[in-house]
Amino acid sequence: MSKVFNFSGDDAFYHGEAAVYPSPKESTLFLSLGHHVDVYFPPCKRSRVTAPFIFPEKQKKLPSIDVLPDECLFEVLRRLSDGKERSACACVSKRWLMLLSSICRDESVVSDPTPSSETEERSIQSTPVKPVDCIKKGEVVEVVEAEAQDIEGDGHLSRCLDGKKTTDVRLAAIAVGTASHGGLGKLSIRGSNPSRGVTDTGLKAIARGCPSLRALSLWNVSSVSDEGLCEIAQGCHLLEKLDLCQCPAITDKSLLAIAKSCPNLTTLTIESCSKIGNESLQAVGRFCPKLKFVSLKNCPMIGDQGIASLFSSAGHVLTKVKLHALNISDMSLAVIGHYGIAVTGIALIGLQNINERGFWVMGNGQGLQKLRSLAITACHGVTDLGLEALGKGCPNLKLFCLRKCTVLSDNGLVAFAQGSGALENLQLEECHRITQAGLFGVLLNCGKKLKALSLVNCFGVKELACQFSSLLPCNSLQSLSIRNCPVGNATLALVGRLCPKLTHLELSGLLGITDEGLFPLVQSCEAGLVKVNLSCCVKVTDKSVSAITELHGGSLEFLNVDGCRNVTDATLLAISNNCWLLRELDISKCGITDSGIASLAGAVQLNLQILSLSCCSLLSDKSVPSLQKLGQTLMGLNIQHCNGVSSSSVDMLLDQLWRCDILS
């Protein structure tokens, strides 16, 4: 190109004798128009550019702390001295959070603050830490949320995780976030996230960051094994309560570690853990001197050896025991009856392998002198002989509950009542061989201290022609509950003669009683009824209910006539005239109208707090003004299925009675 152009700037083209191109082909590019003019003709093909191509300089990557390996970042993070600093760093990323949660307290390096560092620390503390969500692969880390939880009475935080919220990342956030707020005292994990549930990693974070943990509950957590629970044993020596339910991967190994490392353990609950057996109970009884409560349910590996080891070692400190659906025999009850010298409460449920001999030996073991509460459910080995032995062997028994004991008869119940002189509360449910004779036998033989008697679904309590030579009243009985039993008027009349001091009366689902039997019972209650429940007594009318309000209006606080279709506005008028202390009234499915509600609203002295009008089809919008007036004191109102009340009226009530909880 230097031969074509003159770079001096004087001329646009080069003038000379010699040809511009030595090659003939190249010379044809110029056409001669004259002797002194040369013209350049451009080629048809684009010429190659031979100028050098300048590549841009590669941008230098800025330095980042993320390039540090975990070992170096661990050394940095373990030197954070303030809890807020740790929380702020945990919000950076999931990686930082998991590293922080892996730092044990003894691995932290805290240096003495210099004056300059103290000033800087004050500035850091004065700056509020904002909650930052670190979202990575679907995980949400909320450290500040973990900090702001309910505080227990001892100053420690309480945290409960359910279902999808239960992940390792959340446990790590809890471990880091609660450290500067008094520490975590109670942790409950119920269920697990189906895709990324709790594993041993999460429990390790809790073990390293929450040494103040006192109560741990694991329900339906299949991914947690001995590795995680052993970490809890090593890091949480203050553990007092442990609840394991449906944890199939946990074995005796971790329970042995808990027993050896947590001497403050007082409560142990194990349910549906198939790999926990006798060795765990032996270790707990041996190494936990403060053990008070043990509950065992549906653990096939636990047998007589485990129960015997537990009570022989800890029987002098154990106070409450619950055994449910275990493969134990009469031997276990014999050990309990002999070594349970400190036991005050026992619950035996679904023990199918225990026979009459087991209950007899437990009663005659003379070790249950402090027993106050005994509940037996669905144990077919309970017979008259065994029950009599329990009555004599437990002289301080106050609460006795029998459910689904089909072999027990009146003879055993009366013998038990004669032997148990301290009994205050007797509950019978689905004991179908108990008849009217057994009921009155209890009232006649427990007349000194018995305060409450309950019969539920006992179909043997029928109307029989029972004759008693002498009737000594049971002046101590204050509460009587009979539900869904074929009891008639004669039985109620006799109960009224035997129980003149009743204050709580529940007769629910008694289809055979009428005003003829109820009125004498109500009339004989000298102490004044406080609570009356007549739900689903379909033959009861205004006569009996009005008599209750007239005789006991000065003491009545609760009245339930749900399902009594023959109760009408006359009852509400009697309530408005006689009841001064009534706080809760249930007249659902009754024959009341707008006039009855108006009578209630017109009572000056009435201060109802709970009113239920469910399924009262005769009510209409005319009742709305009365309900508004009653709403001045109401805290709860049930007007469900009141088809005569329009939706607009309901909306009006919702707007005006904003303090009242309305079900519509």
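Which right-handed unit do β8, helix α10 and β9 make? Select residues 241–245 for β8, 252–261 for α10 and 267–271 for β9, and you have a right-handed β-α-β unit on screen. Keep in mind that this is a predicted model.

**Stop 1: around β9**

Stay on β9. Four of its five residues are buried, so the strand is largely enclosed by the rest of the structure. On one side of the tour is β8, which pairs with β9 in the parallel sense over five bridges; pick Cys245 and you'll find its bridge partner in β9, Glu271. Bring in helix α11 (residues 278–287) and you get another right-handed β-α-β unit, made by β9, α11 and β10.

**Stop 2: salt bridges**

Eight salt bridges come out of a search of the whole structure. Start by showing the side chains of Arg214 and Glu240, which meet at 3.8 Å, N to O. Arg214 sits in the loop between α8 and β7 and Glu240 in the loop between α9 and β8, so the pair ties together parts that are 26 residues apart in sequence. Both ends are partly exposed: Arg214 at 23% relative accessibility, Glu240 at 29%.

Next, jump to helix α15, where Glu388 and Lys392 are four residues apart, separated by about one helical turn. Their side chains form a salt bridge at 3.4 Å, N to O. Glu388 is partly exposed at 28%, whereas Lys392 is exposed at 56%.

Then select Glu424 and Lys398, another salt bridge, with the closest N and O atoms 3.5 Å apart. Glu424 is in the loop between α16 and β15 and Lys398 in the loop between α15 and β14, so this pair, too, ties together parts 26 residues apart in sequence. Glu424 is partly exposed at 23%, and so is Lys398 at 31%.

**Stop 3: Thr383**

Go to the loop between β13 (373–377) and α15 (384–393) and pick Thr383. Is this residue buried or exposed? At 14% relative accessibility, Thr383 counts as buried. Leaving aside neighbours within four places in sequence, its contacts are Glu356, Val407 and Leu408.

**Last stop: the core**

Finish with the largest nonpolar core, a set of 179 residues in which Leu507 and Leu613 have the most contacts. Helix α7 (residues 168–177) gives the most to this core, with seven residues. Centre on Leu613: beyond its neighbours within four places in sequence, its contacts include Ile587, Ile592, Leu619, Leu637 and Cys642.

Technical notes:
Residues numbered from 1 in each chain as written. Predicted model: local features only at pLDDT ≥ 70, side-chain atom pairs only at ≥ 80, totals over all residues. Heavy atoms only, no water. Buried < 20%, exposed > 50% of the residue type's maximum accessible area, 1.4 Å probe, protein only. Helix = DSSP H or I, 4+ residues; strand = E, 2+ residues; numbered from the N terminus. Pairing = 2+ DSSP bridges. Right-handed = clockwise from strand over helix to strand, strands pointing away. Contact = heavy atoms within 4.5 Å. Core = buried A, V, L, I, M, F, W, Y, C linked by side-chain atoms within 4.5 Å. Salt bridge = Lys/Arg side-chain N within 4 Å of Asp/Glu carboxyl O.
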